[in-house]
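Let's take a friendly walk through this model together, one element at a time. Keep the sequence and the 3D view open side by side as you read.

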Amino acid sequence: MASRTPSLESLPGANSIGSLERGSLSPLTLSGSSPPASDSAVCDLREFDGLDTTCAICRETFVDPKVLNCFHTFCRGCLEREQTHPDKVTCVTCRVDSHLSPAGIPGLLTNLVIAAAVEQDADLLPTGRQTNSPTAPCTGCKSKESDAVARCVDCANFLCPNCVMAHQFMHCFEGHRVLAFTDLKDDKGLLNSTLSASGDKTAFCPRHKNDILKYFCRTCSVPVCKECTIIEHPAALHDCEHLSDAGPKQLELMQQAVNEAKTRATEIRHVVKTVEHAAGKLQVQYHKAQNEINDTFQFYRSMLEERRQELLKELESVFSTKQIALTVVGQKAQETVDKIYQTCDFVERLTKCANIAEILMFRKLLDTKLQSLISTNPEQSVQTACELEFVSNYQAIQVGVRNTFGYVRSSSEANVGPTKQPPIARPTNGRIVVVECKVMRVIIFDQVGNVLQKFGCSKHLEFPNGVVVNDKQEIFISDNRAHCVKVFNYEGIYLRQIGGEGVTNYPIGVGINAAGEILIADNHNNFNLTIFTQDGQLVSALESKVKHAQCFDVALMDDGSVVLASKDYRLYIYRYVQVPPIGM
């Protein structure tokens with residue numbers, strides 16, 4: 001194991017630096033644990049020849065490379081210069097924020113793969129013995145002329161005598177391992193010189209620099225030292241076990257997570273391939289809707305020219321938006337696949353060049369990253385983006401051009417099951433909504449009777465007598481004395497009013513038909529049925545010529561029929577049908 005910071009007296013002068021030949025890397029195993037099961041655990045960086053060891057910020061070789069939550073790596077000093085917030089740092093590549101621990105940027109995990117690659121590629125000493133001038137300048141200070149006489153294993157810097165002194169006396173360098181060049185004349189290279197006599201590499205606790213990581217906290221998914229188990233991870237609150245026992249199982253779980261991520265990447269890649277098919281389907285739906293718009297326009301040519309132009313523009317806008325959305329879905333899905341493979345490649349490289357303790361330091365970060373990537377669901381976005389149709393409305397020409405020509409409809413959420421939902425009197429998610437008329441209160445239950453939410457609405461209701469909900473968690477309550485329907489959300493926030501006196505007089509109930517339209521029934525004089533969109537636009541107003549006793553409740557059947565409960569102990573069933581326009 002590397003010795004602690006040497007004294008200045010033990011450091012050689014610039015002219016006494018010998019040569020050091022590059023050596024091969026030995027297997028890295030944790031002290032006290034079993035050696036790697038196969039040669040695949042040996043960190044041979046020759047297979048990482050394509051690994052980029054240049055920082056994207058300073059464009060120079062990495063110095064103390066730190067890994068952000070997005071798995072991008074930068075020099076520690078570069079991150080400190082780029083940091084604008086004390087509690088987080090923003091990645092300059094993907095603009096994702098990485099929240100920092102109290103230790104700040106130095107507390108970020110070191111990219112062991114890149115650090116090992118830099119170590120192997122670095123020529124610590126001049127290769128020719130015929131010259132007395134060193135070729136390793138100091139990288140720890142701003143001086144470009146000072147010659148290095150040692151190297152710090154922890155911050156990966158070449159150190160001049162002044163920097164070595166700083167490492168000896170400054171608190172920020174406490175625990176750093178400094179190697180004098182004279183200690184490296186064993187033809188083993190820097191990494192081998194940091195190994196102990198038994199061939200094991202010792203991993204030290206990032207919080208308690210002098211303590212070795214010997215345990216693994218399964219509660220926090222992080223390796224800890226003896227002092228950590230006493231202070232930060234006490235046995236009463238945390239489940240800790242020896243690293244030699246927990247290590248193999250945790251590595252197996254990490255590998256399992258990587259395999260699951262690769263499987264998910266394959267599934268998402270298939271979604272990428274279906275985007276083109278979805279775009280074709282969208283194109284077909286677009287032309288179909290366009291033809292329906294033109295057919296409707298031919299029927300109302302003399303009075304609907306202006307509305308036609310408005311709808312075609314709206315359709316064009318929705319179509320363009322969905323085309324862009326499909327492209328974005330494909331790009332994001334491909335990015336997710338790339339990120340999954342990048343993360344998996346990082347872990348695979350890490351397992352080949354780091355010991356168990358060092359690998360498990362990435363366990364929590366890896367789980368968070370892979371979980372966020374695996375949870376992406378581009379399938380729903382593709383299904384939603386290709387849905388586009390034009391809904392015609394020939395039923396109520398008398399009401400007005402704007403309310404009868406139709407509208408462009410595109411699904412904003414993924415549909416499950418049939419495209420058109422059957423009539424509902426309670427939410428599709430199993431919640432039951434009850435309106436208490438006397439106290440003007442709404443109570444929402446689950447199907448076993450547990451109260452999920454309740455709120456008062458006395459400021460908005462006078463005499464509620466009917467309730468229905470849609471699939472957007474909106475509650476429609478008919479109010480007999482207010483002559484309208486009041487709309488609330490599940491949190492009790494008043495949203496809007498549908499109908500009013502003179503249009504829906506003394507309503508007795510409200511329902512939603514298969515087309516998603518709001519039906520308001522009233523029996524002022526005769527039975528009347530008024531139809532609105534869910535936004536409150538009037539669609540049609542129908543009146544019955546049949547005289548019967550006053551009704552007190554209304555319901556919708558699956559076939560669209562309207563059933564009235566009358567005070568003469570009878571049920572009256574009405575069917576409203578489309579009336580062909582004049583001239584058809």
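Strand S14 (residues 441-445) and strand S15 (residues 451-456) run antiparallel to each other and are joined over 5 bridges. S14 and S15 form a hairpin with 5 residues between them, and Gly449 in the turn has a positive phi of about 100°.

A word on the ground rules: this is a predicted model, in which local features need pLDDT of at least 70 and side-chain atom pairs count only at pLDDT 80 or more, while totals for chains, interfaces and linings use all residues. Residues are numbered from 1 along each chain as its sequence is written, and side-chain values use heavy atoms, with hydrogens and water left out.

Now for the overall picture. The protein chain holds 11 helices and 26 strands. Of its 584 residues, 44% count as buried; buried means under 20% relative accessible area, exposed means over 50%, and partly exposed lies in between, using a 1.4 Å probe and protein chains only. Contact means heavy atoms within 4.5 Å. Among contacts between residues at least 6 apart in sequence, 53% join residues at least 24 apart.

Next, turn to the sheets. An open sheet of 3 strands has the order S9-S8-S10, and its pairing is antiparallel. Strand S9 (222-225) and strand S10 (240-242) stand at the edges with a single partner strand each, so one side of each is left without a neighbour in the sheet. From one strand to the next, the twist averages 45°. Strand S8 (residues 213-217) is joined to S9 by 4 bridges, and the two run antiparallel; Tyr215 stands opposite Val224 in S9.

Helix H6 lies across S8, S9 and S10, running at about 100° to S10. Axes are lines fitted to C-alpha atoms (for helices, over the stretch in contact), and angles run from 0 to 180 degrees between N-to-C directions.

How is a pair of packed helices described? By the angle between their axes and the distance between the axes. Helix H6 (residues 243-299) packs with helix H10 (residues 378-385) at an angle of about 5°, and their axes are 9 Å apart. H6 and H10 are therefore roughly parallel to each other, since angles under 35 degrees count as roughly parallel, over 145 as roughly antiparallel, 65 to 115 as roughly perpendicular and the rest as oblique. On the H6 side the contact is made by Arg264, Ile268, Val271, Thr274, Val275, Ala278 and Leu282, and on the H10 side by Pro378, Glu379, Val382 and Ala385. These residues divide into 8 nonpolar, 1 polar and 2 charged; Ala, Val, Leu, Ile, Met, Phe, Trp, Tyr, Cys and Pro count as nonpolar, Asp, Glu, Lys and Arg as charged, and the others, Gly among them, as polar.

Another open sheet of 3 strands has the order S6-S5-S7, with antiparallel pairing. Its edge strands are strand S6 (157-159) and strand S7 (178-180), each of which pairs on one side only, and the twist averages 25° from one strand to the next. Strand S5 (residues 150-152) pairs with S6 in the antiparallel sense over 3 bridges, where Arg151 has Phe158 as its bridge partner. Helix H3 (residues 161-169) lies across S5, S6 and S7 at about 105° to S6.

What about the cysteines? A disulfide is a pair of cysteine sulfur atoms within 2.5 Å, and by this rule the count comes to 0 disulfides. Cys78 is in no disulfide, its nearest cysteine sulfur being that of Cys58, 3.6 Å away; at 2% relative accessibility, Cys78 counts as buried. The sulfur of Cys160 is 3.6 Å from the closest cysteine sulfur, in Cys138, which is too far for a bond. Cys160 is also buried, with a relative accessible area of 2%.

Finally, look at Pro65 in strand S1 (residues 65-67). Is Pro65 buried or exposed? Pro65 counts as buried because its relative accessibility is 2%. Leaving aside neighbours within four places in sequence, Pro65 is in contact with Thr73, Phe74, Leu109, Thr110, Asn111, Ile114 and Ala115.

Notes
Two strands pair if DSSP finds at least two bridges between them.
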